[in-house]
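Welcome! Open your viewer, switch to a cartoon view, and follow along one selection at a time.

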Amino acid sequence: MYCADCESIDDYFFDTTHFWIFVPTLETFSKVAGLCGSMDINAAQQSDYCISCVVERPAIQKFIMSMNGALESKEKENTKVTTACHDGAPSIDDMGRIVTLEILVNRYQAKWLIDSIEKERYETWFQPIINARDESVFAHEGLFRVRDSDESIVPPALAFKLAEKSDLLFSLDLVARRSAVECAARGKLNSKLFINFNPSSIYDPSYCLRATAAAISEIGLSPSDIVFEVTETHRADDLNHLKGILAFYRNAGFQIALDDIGSGWSGLNLLQSLRPDFVKIDMELVRGVHNDAYKQNIVNSLIQIANRSGIEVIAEGVETEDEASWLKNAKADYLQGYLYGRPAPLSTQTLSAEEAQQIDQKMNPLKAAAK
Ligand SMILES: [Ca+2]
C-alpha cells in the first residue's frame, strides 16, 4: 500500500518546464500573458482560461516571482497550475499534480527544504524527560532538526510552517518520525522515546502511519517503548479523525501523549474524550508558575483531571528550580526542560561499523520506497 501524498515529493521544475496555467478570470489571463510577453517567454493560448508557456531553468525564478508579484492573493488561490517536462498536452499524471499558484510559489520557495529532505540533511536531537520523584531519566523526546544547503540548522517551527504552506507537511512529518526512530537506534537510546506527530499530516492512519510503524519494527524497537505525541491539538477540529489515529497507534501497542495542553480550555475536553496515556502541560503555563496564581489554578485542575482519568502529567519547559519544586509539590509526574537538559544529538561513538551497516540495511528500503 502506498500513500502518494506523504511518500513522494513531486518536482515541478525542470531544465525546460512546460507550464499549464488555468486562470479564474480574463483579467488574470491578460496579466499572465503580459508577463510572458515582457519576459520573452514562449506562450500559447489554449482556451479563454488556459495559457501554456515554456520556461528555461535560468528564467524560472524570475517567472515565478513575477507571477507572485503581479497577481492578487485571491487570484493566486484560484489559479491552478501544473507543469510537465515534455511537449504536448499534460499527461494524466501531470493533471494529478495540479496545485494552486499560491502553493506553487511556496513550493518554489521551499525548494531548499525538498533538497534537504532528499539529500538527508536532517537529524533528530533528544531532550530528556525526567521522573519528578527521583529525577531519574524516564524518556527522551525526539526533536527534528533540518539543515539548509549551508548546513546551518533552520528553526524547526519555520521549516514546518514552510512545509505546511507548500503542501509538504505530509512528507516532512513522515521523514521526521522516521528520523527519530533511526537516530534513536544509531545513538542506542535506552529510554522510552516520544515521537511528535501532527494529525493534520495524516489522511488515513492505516496508510500514512504504516511507514513509521514499519521503521520501528525493522529497527527492533518495542512498541511499548514508543509514545506518540500529538502536536497542534488546538487545531484538531475533527475529533473522529484524531480518535481514528489514536486507535491505530493503540492497536499497534504504542502509547499516546497530548502535547501543549493548557493553552485554552479546549484541551480539557480532549483529555476526557481521547484518554491519552500522558498529557504535556504547555511551557507557557509552566513559565513562572511558582508565583502566578492564575497559572497555578489551571495547572492544578489539569493535574487533578489527569489523575482521576489515570493520565500521567509531563510539565514542559521547566527552566528554574522554583518552577520544578512547585510542579513537584503539585504532583506533576514528569518534568522536561532546560533545567534538566537541552535537546542534543546522541553520540554514535559506541556504534560499530557493522551495527551502522545493519541500520542502513534496514532503513534504506523504507527510504527507497518513499521516493
Ligand atoms: Ca512535543
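This is a predicted model: local features need pLDDT of at least 70, side-chain atom pairs count only at pLDDT 80 or more; totals for chains, interfaces and linings use all residues.

Five strands, in the order S2-S3-S1-S4-S5, make up an open sheet with antiparallel pairing. Select strand S2 (42-47) and strand S5 (99-100): these are the edge strands, each with a single partner strand, so one side of each has no neighbour in the sheet.

Now highlight strand S1 (residues 16-22) and strand S3 (residues 50-56), which run antiparallel and are joined by 7 bridges.

Next, show helix H2 (residues 26-38) together with helix H3 (residues 57-70). Their axes are 11 Å apart and the helices pack at an angle of about 145 degrees, in a right-handed crossing. Where do H2 and H3 meet? Lys31, Val32 and Leu35 in H2 meet Ser66, Met67 and Ala70 in H3. By class, this contact has 4 nonpolar, 1 polar and 1 charged residues.

Last stop: helix H8 (residues 156-165). Colour its buried residues, Ala159, Phe160, Leu162 and Ala163. Seen down the axis of H8, they fall within an arc of 160 degrees, so they line one face of the helix. These buried residues pack against helix H7 (111-118), strand S7 (137-147), strand S8 (153-154) and helix H9 (169-186). Turn to the face away from the buried side to find the exposed residues Ala157, Leu158 and Lys161.

Methods. Residues are numbered from 1 along each chain as its sequence is written. A residue is buried if 20 or more other C-beta atoms lie within 10 Å of its own, exposed if 12 or fewer, and partly exposed in between; C-beta atoms are placed from the backbone. Helices (H or I, at least four residues) and strands (E, at least two) are DSSP runs, numbered from the N terminus. The arc is that of the directions from the helix axis to the C-beta atoms. Two residues are in contact if their C-beta atoms, placed from the backbone, lie within 7 Å. Axes are lines fitted to C-alpha atoms, for helices over the stretch in contact, and angles run from 0 to 180 degrees between N-to-C directions. A crossing is left-handed if the near helix is turned anticlockwise from the far one by less than a right angle, and right-handed if clockwise. Ala, Val, Leu, Ile, Met, Phe, Trp, Tyr, Cys and Pro count as nonpolar, Asp, Glu, Lys and Arg as charged, and the others, Gly among them, as polar. Two strands pair if DSSP finds at least two bridges between them.
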